Amino acid sequence: MQKIKSVFITLFLFTCTLIAYAQNAKVTQAGKAVFTLTTFKADGSVLASSHGVFLSYDGTAAAPLKPFQGAAKAVVVDANGQTSNVEVITAFNELYDMCKFRIKGNAPAVCSIAKTPLAQGQQAWLIPYSIKKPDIAKATVRRIEKFNVSYNFYIFNVNTSMNTVGCPFVNDNGEVVGLLQPSATDDLEKHAAELGFLDTQKINGLSINDPSLAGCAVRVALPDDVNQAELTIMVAKTKYSGQTFKDYVSDFMKKFPQSATGYQEMARLSAEDGKLAEADDYMSRALRNVTSKAEVHSIYCDLIYRYLISGKDSTQTRWTFGKALSEAEAAYKLSPDPSYSHQRAQVLYAEGNYDKAYDIFIDLTKSKMRNPEFFYEAAQCKTMLKAPQKDIDALIDSCVTAFPKGTLTAPYYLIRGQIRQSRKQYRDALADYNVYDTLMLGRADHSFYYTRYQAEIEAHWWKQALNDISHALVLKPDEPTYYACLASLELMLNRSDEAEQAARRCVELAGDYADGYIILGMALIKKGKKADGVTYLQKAKQLGDSRAQALIDKYGV
């Protein structure tokens, strides 16, 4: 009986040894998935260094987020010594300093994310990076704090003198619990947020503009929703140029081959480089793959039309207005939408076929897409056809009278005001400008207030003119012309001190601008400082101002 008992004890101990060995093997194996992460500045110098762990064989990995902030480039060196570029960031959270990304290439080994959380007092293992066998350190969960309701923030006791920031804590099965974050107060205490939390961090269309990635040139992965991904492309278009933007678009084409957006952007980039055959190829691919063929024909028309009116290469014969028109007509044939008819009219106008373009614009004024723009474009056709002025004016008037006052009609009040001002109908022009200003809620740009100031001067509306030129300066405080206008008006209103102040600012901003010296000189003369004033008039003369000598002769001492 004693002998049997001894055999059972031996078998039990042997089994425990096997289990411990198997667990240790899993932990050791996890070391092959650990890597170093290095990020670089734009000048090629090192920005930051950390560690991380591969999570899947497609190159998806987890690491701290901080090294990416301001990074122009990032690379990892795996446990085999192989270097790979970081391609895209796929999830991130700044508060808990963690992110997922994907390298260009495959991972040599991986660790899965632990599904079962650790308990207080439970043992874990910290795995440093090593090309050889890693010096694994035993860690104990000292305490646990909750975050985001159900996730654990671990405080470990672990003794390690190595640089292990970003290295993984794993359980006995070699599954990743979290990545090491140092404690600011205790060298033996290390922190780790539960890595599974990253699975809840989803990329959206505006993640590319997230402040936590400010200055980071490493791309953000496209969202899974096509509409959100299109938003990412729209933002990337304003944020990046060159290869970075092309990489975003290339990813989009692969992920959403049935959307026209990727082909459209690639074709546009090709056209901008003068590679029209390449642009044609992208649009041919779009016609094969995109569901809405009418949309593709419309995009194709727009690309050709915009390229031609830009006048980039007047010698090329591949793209013509005739080709653009055929694409617009193909779109309209597949889907008789007014927007495609509008494209036809715009191409005809650019081609010089004003009669046909006019007919389409007028038809569009009666369509469901009725818009002030159509009346304006019809007026432009009539102008080119040298129609009676009353016919053109009637169309311009229709831009504003045929529609309720609002943001849709605001630009046409401005246009009509400019036309009236050019005809010296200043009070009528000002009536339109005032409506435009109201519709814009006082948020027009500086050039509008300068334009209205000019009309007010002609109408002898001095107070309003003073307000508008002053407002133009608030919006653009470094424009010397506006200071010269303000000084001139102040001088005319016998406000010599204010005129001198504005004129001095004018010549400070533009030392070669004769108007500033003329007005400054006259302001000083009006203040009784004749000698000083003439000095500035002489400066204007040196700059070639034809008015200066007559004023010097009149006021010279």
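**Pockets, sheet and loops**

Modeller: The largest pocket holds about 470 Å³ of space. A pocket is an open set of points on a 1 Å grid over the protein atoms alone, where a 1.4 Å probe fits, with protein on both sides within 12 Å along at least five of seven lines; lining residues have an atom within 4 Å of a point. Points are joined across faces, edges and corners, and the volume is the space filled by probe spheres set on them. This is a predicted model: local features need pLDDT of at least 70, side-chain atom pairs count only at pLDDT 80 or more, and totals for chains, interfaces and linings use all residues. Residues are numbered from 1 along each chain as its sequence is written, and side-chain values use heavy atoms, without hydrogens and water.

Biologist: Which element gives the most to the lining of the largest pocket?

Modeller: The lining has 22 residues, with T90, R102, A221, L222 and K255 closest to the centre. Helices (H or I, at least four residues) and strands (E, at least two) are DSSP runs, numbered from the N terminus. β5 (83-93), β6 (98-103) and α3 (242-255) each give two or more residues. The most, 5 residues, come from α3.

Biologist: How many charged residues are in the lining of the second largest pocket?

Modeller: This pocket has a volume of about 300 Å³, and N85, V86, E87, R219 and D247 lie nearest its centre among 13 lining residues. Asp, Glu, Lys and Arg count as charged; Ala, Val, Leu, Ile, Met, Phe, Trp, Tyr, Cys and Pro as nonpolar; the others, Gly among them, as polar. The lining has 5 nonpolar and 3 polar residues, and the charged count is 5.

Biologist: Which are the edge strands of the open sheet of 7 strands?

Modeller: Two strands pair if DSSP finds at least two bridges between them. The order is β11-β10-β7-β8-β9-β13-β12, with antiparallel pairing. The strands that pair on one side only are β11 and β12 (181-182).

Biologist: Is V149, with its positive phi, buried or exposed?

Modeller: V149 has a phi of about 70 degrees although it is not a glycine, and is found in the loop between β8 (137-147) and β9 (151-158). Buried means under 20% relative accessible area, exposed over 50%, and partly exposed in between (1.4 Å probe, protein chains only). V149 has 77% relative accessibility, so it counts as exposed.
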